[in-house]
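Take a look at the sequence and the model first, then read on.

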Amino acid sequence: MRSLILCALSLCLVPITAQAGTVAVHVVDAAGKPVSDAVITIYPTAGVPKRPIRFPWTNEVMQKNIAFNPRTLIVPVGATVAFPNQDKVRHHVYSFSKPARFELKLFGKDQTRSYTFTTPGAVALGCNIHDQMSGFIKVVDTPFAGKTNGSGDALIPAVTGGAARVIIWHPALRAKSNEIIVPVQVPDTGTLTRRLQIATR
Amino acid sequence: MTLLSQIRLLLPARLTSSLSAKLTLFYAALFAAAVALILLVAKTGISQYAERMVAAEMVADAKVFDRVATMRYAQLGDASQVLSSDFGFREAVATADAPTIASALDSLGSRLHLDQAFLVDMDGNVIGFRGQLSASEREDLRQALDDGAASGVLRLGKMRFNAAAAPVKAPVTIGWVVFANALDARELAALSKLSSINLAPQILPAKDVLTRQNTGAITEERVQGERFLVQAFPIASFRSDEPQVLLLRHSVTRALANYAPMLWLLLACGLAGIVMAGVGSWLLARRIARPIIALDAAARRVAKGDYAQVQVETNDELGTLADSFNRMVDDIGERERQITHMALHDGLTGLANRMLLREHLAMALSRPATDRRQALLCLDLDNFKVVNDTLGHPTGDALLCQVAERLVAIAGEGFVARLGGDEFAVVVDDQDRPLDRTAHDIIRAVAEPCMVNGHRIVPGTSIGIALLHIDGDDAVTLVKHADLALYRAKHGGRGIFRFFEEAMDAEARKRRQMELDLHEALSGGQLSLMFQPLFNLAESRVSAFEALLRWSHPKRGMISPVDFIPLAEDTGLIVPIGEWVIREACRTARHWPDHVRIAVNISPVQFRNPGLNTVIMQALAETGLPPQRLELEITESLFIDNPATTLASLHSLRALGVRVALDDFGTGYSSLSYLRSFPFDKIKIDRSFIMDLLSSDGATAIIKSITTLAEALGMETTAEGVEHASQLDILREQGCNQIQGFYFSKPVSKAEVGGMLGAGWGPEIRKTG
């Protein structure tokens, strides 16, 4: 309940903050190769806007071709994610991650199960039938979030200007909780471009 | 050979001198060297083989360890995989349900008899580990697992484990299950049992071993005299930052000790072999040496004249040598027989020679005398020299052979020998026929005419006979007596035989004594010259003296030249005597008036002596006597033997300027032809014609014809032996130039010559008007 209130508050505050910049992050690995599916979240020192968080993508993780799609999904806290099965086989989606422990036991084709994520954090998805299936849901409590594309680039617009913490998370990132924190000064206008090199497994 | 010489230095000489000992030592030493070589090679080979074996065993052991470890890791890995994949376990891990996790690990660990089964989570927390781990160990472990460690040797605390890990995925890795078994001494001992030799396997951190060993090379270590081979093999390590090695070591000394009995056995066999080689070569050498010793003994016997044969019944070189030796002995014997035959036989006729005759006689004489008479017949061929000179030696030899055959045929069982030249001897007895009959038969048989080389020859022989035991008791005497008898037979006319008589021996002795005395006479001044004047009828004075030799024997008084000149001629003494006469005559004559010549008789022997010319020249030169005052008197007999040579000698004498007179003309074989061929200065008419003057009418005619002939040829004549005045008258009438004889004067001494040279001295010469 409190999170819903907070969410509503933040939505209210957006029009008020006039000064906002864009943060462009380019993530590469130790070898300099672009890293995709790295989740970038920005927490301005001044605090995140008190309003409901909404991302332009669907809160849905499909199972298609014995794989999670998308592999990494960013959802705001409190979001309910659907897990439609588009394969002919059945799946048993589970998560032992602390923020959300659940099991969606043996559902078949064209069956959809859903789960509501109430705690921010990284949730590792697996299939008890297919060990090779791996997916992630990053539950965030900031509206400034995005993931790198195939070129390793992520563009996060309208970030509140001023000092901020940029957190880069990736399942293969060699760090505690698979994330590193980078302090930045988000400009009031314009774009802050950062190249970030991360060590991966 | 140096080895042999060294051995020789160490041993007494007698041991090394024999062939057997030499061979034995040589082969024993050779075998010993071979054994030493074999032992050396065997020892080296064994050593190398042992090292290779140890090295191979180490590699094999390391492979076994590797394979066992891999298998273990697979088992552990599988087991851990099973657990880590279990959904419930994963949930327990994800929810950090430590009691559940620990119980699950414990349950599985017990079931699988694992020493350790524990979980390491992402934060480095360890659940289920039996024992204590420090924080750093936990972090190191987590880091290693995070870096992907899956299996290998893992050291935790003081323990070492074979460990395998499996990640717990949900689906991201949320931790690791680690299963491990202790890698302790028991485990290594079990590994050690897998290899045939004790390799004392050890697991060590790579940093604890030598760099050299880490490269995989075999190294050697010496510990208290023992030699070890050490090799390190890298093995899988759980933590990549802590590499581990398997260290294997084995004592080569101990490995070689296993082969020591074999080497000792080899040495024993070698020593036995040396003894066997020694004994074997000793026996072989004995076998070889025995025939050599036999040959040596046989050679010694042969050297003593015993023609021994040696028995060697082998087919090898020694057998061949023995055969050759036996053949050589036979050949030597045969040659010796030939030589003996040659020494005792005459090469031309094959008859026995003088030496064998002597032996035969000695043998016959050694037997006791019987009633049978045995005789030695010595014979020679009459005029054999003429055959040789005129028909040649081959013909002479052929004649001798024919005569020998005839003698052998006629002698029957008698013994025939050739003594040399034309002398033969026959020893016969009178069993079949009387001895004189035998001698007669021989003479008749030899005298048979024969054809030799196309020449018809009529040989003749004379025989002297000496009776064994009667005429002598030894061979030398017998031969001498038979020779004397032969001598007498030849003098008595040819073609007859004579038995030996004691008188012959006495005469011979007398002759020999006279010969000795004659030597004495020449050196002792017993010889002297007498001079017989030659009276020149026309000049009525002495015109020359003939030198006549006299010998005044100290015991026997005066000896006539008739008695000793033939002897001097036979012995050759005539040459020095004649030389003395010439010198003495010249020496005497040089004091005489110039018209008085000296006449000297020259014996045929003296004449044929090539030194005569020199003697005459020296005598003339020494005395200064003009050559024309020296007159040499020679006899006709010189022309018989060799007229050509005689003529040449006469001419060379004449060239000296001396006069040459022909003595005793008219006797012997007078021929008018040689009066024509040589211009004698004088002819001396033989006294026999002079003596006949008084009794025979024909004699005067002969004298006349001689003087006429001489005058016609421009030669002087001298009549010898004038003893009566009537003879002188006739001679003067017939034109003889000179006379000589007792009527005029007998020979006088040197001192008396002077008186005869005085004026008016002369014989009473009747003037015939």
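What follows is a short tour of the two chains, with a few stops at particular places.

## Ground rules

This is a predicted model, in which local features need pLDDT of at least 70 and side-chain atom pairs count only at pLDDT 80 or more, while totals for chains, interfaces and linings use all residues. Residues are numbered from 1 along each chain as its sequence is written, chains are lettered from A and ligands numbered from 1 in the order in which they are written, and side-chain values use heavy atoms, with hydrogens and water left out.

## The two chains at a glance

Chain A has one helix and 16 strands, while chain B comes to 28 helices and 25 strands. Both kinds of element are DSSP runs numbered from the N terminus: helices are H or I with at least four residues, strands are E with at least two.

Of the 201 residues in chain A, 48% are buried; for the 769 residues in chain B, the figure is 44%. Buried here means under 20% relative accessible area, exposed means over 50%, and partly exposed is in between (1.4 Å probe, protein chains only). Now for contacts, meaning heavy atoms within 4.5 Å. Counting contacts between residues at least 6 apart in sequence, 64% of those in chain A join residues at least 24 apart, and in chain B 63% do.

## A covered strand in chain A

How many residues of β11(A) are buried? Seven of its seven, and the strand covers residues 134-140. A:Ser134, A:Phe136, A:Lys138 and A:Val140 point one way, whereas A:Gly135, A:Ile137 and A:Val139 point the other way. In a regular strand the side chains alternate between the two faces of the sheet.

Two strands pair if DSSP finds at least two bridges between them. β5(A), residues 72-76, pairs with β11(A) in the parallel sense over five bridges, and A:Leu73 stands opposite A:Ile137. β10(A), residues 121-127, runs antiparallel to β11(A) and is joined to it by six bridges; there, A:Gly121 has A:Val139 as its bridge partner. β10(A) and β11(A) form a hairpin, with six residues between them.

## A four-stranded sheet in chain B

Over in chain B, an open sheet of four strands runs in the order β6-β9-β8-β7, with antiparallel pairing. β6 (202-205) and β7 (219-223) of chain B stand at the edges with a single partner strand each, so one side of each has no neighbour in the sheet. From one strand to the next, the twist averages 35°. Angles like this run from 0 to 180 degrees between N-to-C directions, and axes are lines fitted to C-alpha atoms, for helices over the stretch in contact.

β6(B) and β9(B), residues 244-251, pair in the antiparallel sense over four bridges, and B:Leu204 has B:Val245 as its bridge partner in β9(B). Helix α3(B), residues 19-85, packs on the sheet and touches β6, β8 (226-235) and β9 of chain B. The direction of α3(B) makes about 30° with that of β8(B).

## Two helices crossing

α3(B) also meets α7(B), residues 185-194: the axes come within 10 Å and cross at roughly 130°. The two helices are therefore oblique to each other. On this scale, angles under 35 degrees count as roughly parallel, over 145 as roughly antiparallel, 65 to 115 as roughly perpendicular and the rest as oblique.

Which residues meet? B:Asp61, B:Val64, B:Phe65, B:Val68 and B:Arg72 in α3(B) meet B:Glu187, B:Leu191 and B:Leu194 in α7(B).

## Loops worth a look

A:Asp37 lies in the loop between β1 (20-29) and β2 (39-44) of chain A. At 18% relative accessibility, A:Asp37 counts as buried. Leaving aside residues up to four places away in sequence, A:Asp37 touches A:Arg71, A:Thr72, A:Lys147, A:Thr148, A:Trp169 and A:His170.

Each chain also has a cis peptide bond to point out: A:Asn69 to A:Pro70, with omega near -5°, and B:Ala170 to B:Pro171, with omega about -15°. B:Gln224, in the loop between β7 and β8 of chain B, has a phi near 50°, a positive value in a residue other than glycine. B:Gln224 is exposed, at 82% relative accessible area.
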